[in-house]
Amino acid sequence: MAKQVVHVACSHDCPDACGVLITVEDGRATRIQGDPQHPVTRGFLCAKVAKYLDRVYSPDRVLYPMRRIAPKGFAAAAKAGEGARATQNWQRISWDEALHEIAARFRAITAEFGSEAILPYSYGGTLGALNGASMDRRFFHRLGASQLERAICSAAGEAGLLSVLGVKLGTEPEQFAHSRYIIAWASNIHGNNVHLWPFIAEARRKGAKLVVIDPYRTRTAACADWYLPINPGADAALALGMMHVIIGENLHDADYVARYTLSFDQLREKVKAYPPERVAQWTGIAAHDIRKLAHEYATTRPAVIRLNYGVQRSERGGMATRAIVMLPCITGSWKEIGGGLQMSTSGAFGLDTDTLRRPDLMTAALGRPARTVNMVELSKALNSLDDPPVKALFVYNSNPAAVCPNHNEVVRGLKRADLFTVVHEQFFTDTTDYADLLLPATTFFEHKDLQTAYGHYYLQVSNQAIAPLGECRSNVEVFRALAQLMGFEDECFRESVDEMIDGALASGNPWLEGISRERLERDPYVRLNFSSRLPVAGCPQENSPGASRVDDANVDAANQPFLPFARGNFRTVSGKAELYSEALKAQGLDPVVEFTPPAESRHGAEHATFSLELLARKADNFLNSTFSNQPSVQQMEETGLLEMHAADARMRGIAQGDTVRVYNRRGEIFLKARVDGAVQPGVVSAKLNWAKLGPGFRNINVLTSEKLTDMGNSATFYSVLVEVDLAKPSP
Ligand SMILES: Nc1nc2c(c(=O)[nH]1)N[C@H]1C(S)=C(S)[C@@H](COP(=O)(O)OP(=O)(O)OC[C@H]3O[C@@H](n4cnc5c(=O)[nH]c(N)nc54)[C@H](O)[C@@H]3O)O[C@H]1N2
Ligand SMILES: Nc1nc2c(c(=O)[nH]1)N[C@H]1C(S)=C(S)[C@@H](COP(=O)(O)OP(=O)(O)OC[C@H]3O[C@@H](n4cnc5c(=O)[nH]c(N)nc54)[C@H](O)[C@@H]3O)O[C@H]1N2
Ligand code: SF4
Ligand SMILES: [Mo]
């Protein structure tokens, strides 16, 4: 029997980008395990991906192209009594037929409304560099389709981080083992970033303290040395309060500040307005605790912050991130191994994204950049966008009918009979219920890709382990075939996967020096080459206006700890950590930093009507909406719950297990009350999953809004006010 072990990289939207080994026997995957040789992910997988064979070989996979032969919508499917698959709604067709129909419809729509009436919609189904964003972008650029602003996840935090550092770099996970004080700030480590935990555990064995700042008592909070529940959206106030204490008591690193930061004096003035007593009222954290946190953070060395994206899913999330990122810049903890901060490491990879995505094809096609539609505002785009209206939607790598805010309005748009919707998917998701044409997609077992990471600095080639199931095709192959049918002659549409990987690696980023596809195929865990010199002029580093300076400060021997800002090297315009930003001022924002409570919060105007702050969180065992339909994973995650505090429950006559109605102006959902101490008074929490598997075929996004954040135009999933009533007592 032919048996081999293939190295792949998990491509899910997760900071860890695990090294994975798949045993393949006679063409069938028979075992999945973590690659013990991967220096960060070190041989274990999260619980959901450990069950991945169930996903790949699920009887529920979409395996063939199909055409809808029933009305759009889940109700239609449910009535026919077939649950999620509803195969009687579909007629199997050939790839040829499907692709010809798409090409014909795209041509007709372009002729009548212009090419911008076509909207691509994709996000984090796979983060592989090729299947995430390459041939698809080339295709839509060449077509002249509307551009999608992919801001649903991290854009506010990125804008906040970049406003101070100028680049998305941070402390590498391995260094957390050397930290003595670790703050997990809006960071659900056991749920969303589990491979960081062993490094934290190692640090704690050596005496480090773990502090968790989160309005939800996560598993990580439960095992922290100090858990600080914070009111949602109040993080900027806390960081400002900490800086008030640190600067006020001269606990900052005056030398580092003088050398490497811009406009410290303005920050010093600003933080005077945030004494701990004032900050306590916003954050719900006692003034003496704020003082203690500031002291401990500034004086225990090295101290590191794992900042995750929970903070920035809030109306003022950009400014909150900015405030927190200033902390290691004033304590100078960037100098120390095990110091600094990590939010994202993705800025180090510097692949040649222009070569992968070819934005020049769009300007060539239209003579200008195409209009931009923010993916957070899909409901508005489908229901009210004009000139031209959206007439065709091509969804891949995403499940908007589950993950988009203001679900009811999204569904109203997706139901439009005149909207031509194509969905390329692995499963019969909430979104496929509104597709006219359904195309079968491969999993990361079934195609080759190049994998970066946003939680460490290792690059991997993910090999193809098995042949595609049924007639599944990868994103790259679908858009390559469509380009051919549309008559797009450009050479780039004929490139092979290997040629695309080679092109991505040939960016000139010095940290990729010596890293070729061939080397990655031999050596599955290659760390970026930080021994190489800093980027020099012309290097296509992402968002790095200051990258033209040559500096020797980062010249570490290979495999030495990477200290990106030990001697400055910030990639801002000034080359310093910008505590004052002209760019923010130009946007009408505070150029230093400030705190304003979110409108949808306990300090906002609507609080009189809807008095509870909802955290519409992710599930530890799902990945956004992915996995929520997989029986072996469902067993690990209880859904349909509203977690609330005993005081709020009592006030409403609600007891554990009762059915409650959770509602606001946007919608309502019926959930089961769970009174378990996970949240503080005034806060409730519920988790994301597939809508059609939820009570009343809805999910928590019926309550969330498409309001955008202060920076980055991102989503505000964690700035939501609701009210809760008793609907039906438990029997
Ligand atoms: N198991 C699992 N892993 C995942 C995902 C998943 O769905 N499940 N999703 C993946 C994706 S797409 C991403 S972007 C990353 C995101 O990973 P994280 O950045 O960790 O994102 P969240 O879970 O949104 O938020 C983290 C924590 O912030 C808390 N939080 C909410 N509001 C606030 C606030 O105002 N202040 C503070 N201090 N904390 C707040 C939440 O309760 C949560 O525990 O995880 C990835 N990994
Ligand atoms: N209430 C609430 N809503 C949220 C969030 C939250 O915390 N709370 N989190 C938000 C965040 S951070 C994010 S990133 C978004 C995530 O939004 P999405 O990226 O849409 O997330 P998923 O639900 O994981 O859906 C991805 C889909 O891609 C499919 N897929 C996987 N691989 C491939 C492939 O190779 N090709 C194709 N064609 N399809 C593939 C999967 O089967 C899956 O259905 O959700 C956002 N929505
Ligand atoms: S989802 Fe994250 S933790 Fe799980 S296997 Fe993939 S990369 Fe690793
Ligand atoms: Mo995300």
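Guide: Before anything else, please keep in mind that this is a predicted model. As a way in, α8 (189-192) and β22 (612-617) each supply at least two residues of the shell around ligand 1.

Visitor: Okay, and which residues come nearest to ligand 1?
Guide: The shell around ligand 1 has 32 residues, and those that come nearest are Asp214, Asn308, Tyr309, Phe622 and Tyr718. Sorted by class, that shell consists of 16 nonpolar, eight polar and eight charged residues.

Visitor: What sits across from the oxygen atoms of ligand 1, say at Tyr718?
Guide: An N or O atom in the Tyr718 side chain is 2.6 Å from an oxygen atom of ligand 1. Asn192 has a polar side-chain atom 2.8 Å from a ligand 1 oxygen, and for Arg313 a polar side-chain atom likewise lies 2.8 Å from an oxygen atom of ligand 1.

Visitor: How much of ligand 1 does the protein bury?
Guide: Ligand 1 taken alone exposes 900 Å², and the protein buries 99% of that area.

Visitor: And why does ligand 1 lie between domain 1 and domain 2?
Guide: Residues of the shell come both from domain 1 (171-343 + 570-586) and from domain 2 (612-726), so ligand 1 lies between them.

Visitor: Switching to ligand 3, which residues are around that one?
Guide: Around ligand 3 are the cysteines Cys10, Cys14, Cys18 and Cys46, together with Asp16, Ala17, Leu45, Val49, His195 and Leu623. By class, the ligand 3 shell divides into eight nonpolar residues, one polar and one charged.

Visitor: Now the strands: in what order do β1, β2 and β3 run in their sheet?
Guide: These three strands form an open sheet in the order β1-β2-β3, with antiparallel pairing. Because β1 (3-9) and β3 (28-34) stand at the edges with a single partner strand each, one side of each is left without a neighbour in the sheet. From one strand to the next, the twist averages 25 degrees.

Visitor: How many bridges hold β1 and β2 as a pair?
Guide: β1 pairs with β2 (residues 19-25) in the antiparallel sense over seven bridges, and Val8 has Val20 of β2 as its bridge partner.

Visitor: Last one, what does β24 pair with?
Guide: β24 (residues 659-664) pairs antiparallel with β25 (residues 667-674) over six bridges, and the two form a hairpin with two residues between them, where Asn664 stands opposite Gly667 of β25. β24 also pairs with β27 (residues 720-728), again in the antiparallel sense, over five bridges, and there the bridge partner of Tyr663 is Glu723 in β27.

Terms used:
Residues are numbered from 1 along each chain as its sequence is written. Chains are lettered from A and ligands numbered from 1 in the order in which they are written. This is a predicted model: local features need pLDDT of at least 70, side-chain atom pairs count only at pLDDT 80 or more; totals for chains, interfaces and linings use all residues. Side-chain values use heavy atoms; hydrogens and water are left out. A residue is near a molecule or strand if one of its heavy atoms lies within 4 Å of it. A polar contact is a pair of N or O atoms within 3.5 Å; within protein, one must be able to donate a hydrogen and the other to accept it, and residues adjacent in sequence count only if both atoms are side-chain atoms. Accessible areas come from the Shrake-Rupley method with a 1.4 Å probe; for residues, only the protein chains shown count as cover. Helices (H or I, at least four residues) and strands (E, at least two) are DSSP runs, numbered from the N terminus. Ala, Val, Leu, Ile, Met, Phe, Trp, Tyr, Cys and Pro count as nonpolar, Asp, Glu, Lys and Arg as charged, and the others, Gly among them, as polar. Domain bounds come from an automatic or database domain assignment. Two strands pair if DSSP finds at least two bridges between them. Axes are lines fitted to C-alpha atoms, for helices over the stretch in contact, and angles run from 0 to 180 degrees between N-to-C directions.
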